[in-house]
Amino acid sequence: MGTADDELGRVIPGRFSSGPAADVLIGRTEVAQRVGALGEELADLFRDERPPVLVGVLKGSFLFLADLIRAMDIDVVVDFMAISSYSQSGVVRIVKDLDEDIRGRHIVIVEDIVDTGLTLNYLRKTLLQREVASLRAVTLLDKVARRIIPVPLELSAFEIPDVFVVGYGLDFQGLYRNTADILAVRDLARLAADPRLLVTQLFGFKGEGR
Ligand code: IMP
């Protein structure tokens, strides 16, 4: 969101020329720089400790986690959890639990985005019940204006405004995880009506779809 990135301000037009459908919110160069710095910061916290367990929250965090740990010059353990939430009730449940026994371990929850805070709040409560040595959370994106629950968040790469974002792991209906830039969708209703709206412009062809 700075100005040094030549990808910034690039506009992704819709398939039909009724105005741009998404903008580059955070370009790949800025993402790489910030995630790299965050990885170094995180490594410093655990340099003299037992290796931390980084818990990636599937699926959105997988690219962030991959880049984050490559910037960490310490020994780490990686595990994953998948959770589902029911948007109307706010009820969250575990779909895939950890493989590791985390008792006595230093835990870092790795999130793609903290929005209402419901997911992170649930994860924190759940993991704290497992007698961990310490618990921190790191997120790629923090939509702080949308918070319903004031949940602790120790580290975040970028604070963003209340816009719907896709790319760099984040999806809309399973699409768009594989862009290097983080994109802000201009009109979510338009994308909801045509979920593949951005496909042609991003990837050059419409393809078969799903
Ligand atoms: P929460 O509201 O903080 O519980 O966030 C729940 C989940 O909503 C996140 O982990 C994301 O998967 C999803 N989410 C929230 N905002 C966005 C967005 O702008 N783009 C894509 N996914 C989002």
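Me: Happy to have you along! In which helix is G39 found?
Reply: This is a predicted model, where local features need pLDDT of at least 70, side-chain atom pairs count only at pLDDT 80 or more, and totals for chains, interfaces and linings use all residues. Residues are numbered from 1 along each chain as its sequence is written, and side-chain values use heavy atoms, with hydrogens and water left out. Helices are DSSP runs of H or I with at least four residues, strands are E runs of at least two, and both are numbered from the N terminus. By that count, G39 belongs to residues 28-45, helix α1.

Me: Is G39 buried or exposed?
Reply: Buried means under 20% relative accessible area, exposed over 50%, and partly exposed in between, using a 1.4 Å probe and protein chains only. Because its relative accessibility is 0%, G39 counts as buried.

Me: How far apart in space are G39 and M72, C-alpha to C-alpha?
Reply: In sequence, G39 and M72 are 33 residues apart. In space, C-alpha to C-alpha, the distance between G39 and M72 is 5.0 Å.

Me: Which form does the peptide bond from L58 to K59 take, cis or trans?
Reply: Most peptide bonds are trans. K59 sits in the loop between β3 (53-58) and α2 (62-70). The bond from L58 to K59 has omega near -5°, and it is cis.

Me: Is E131 buried or exposed?
Reply: E131 lies in the loop between α3 and β7 (134-142). It is not a glycine, yet its phi is positive, about 55°. Since its relative accessibility is 59%, E131 counts as exposed.

Me: And Y168, buried or exposed?
Reply: Y168 is found in the loop between β9 and β10 (182-185). Its phi is positive too, about 50°, although Y168 is not a glycine. With a relative accessible area of 5%, Y168 is buried.

Me: Which element gives the largest share of the shell around the ligand?
Reply: β6 (106-114), α3 (118-128) and β9 (164-166) each supply at least two residues of that shell. The largest share is four residues, and it comes from β6.

Me: How far does a polar side-chain atom of T116 lie from an oxygen atom of the ligand?
Reply: A polar contact is a pair of N or O atoms within 3.5 Å. A backbone N or O atom of D115 lies 2.8 Å from a ligand oxygen atom, and one of V165 lies 2.7 Å from a ligand nitrogen atom. For the polar side-chain atom of T116 and a ligand oxygen atom, the distance is 2.6 Å.

Definitions and conventions
A polar contact is a pair of N or O atoms within 3.5 Å; within protein, one must be able to donate a hydrogen and the other to accept it, and residues adjacent in sequence count only if both atoms are side-chain atoms.
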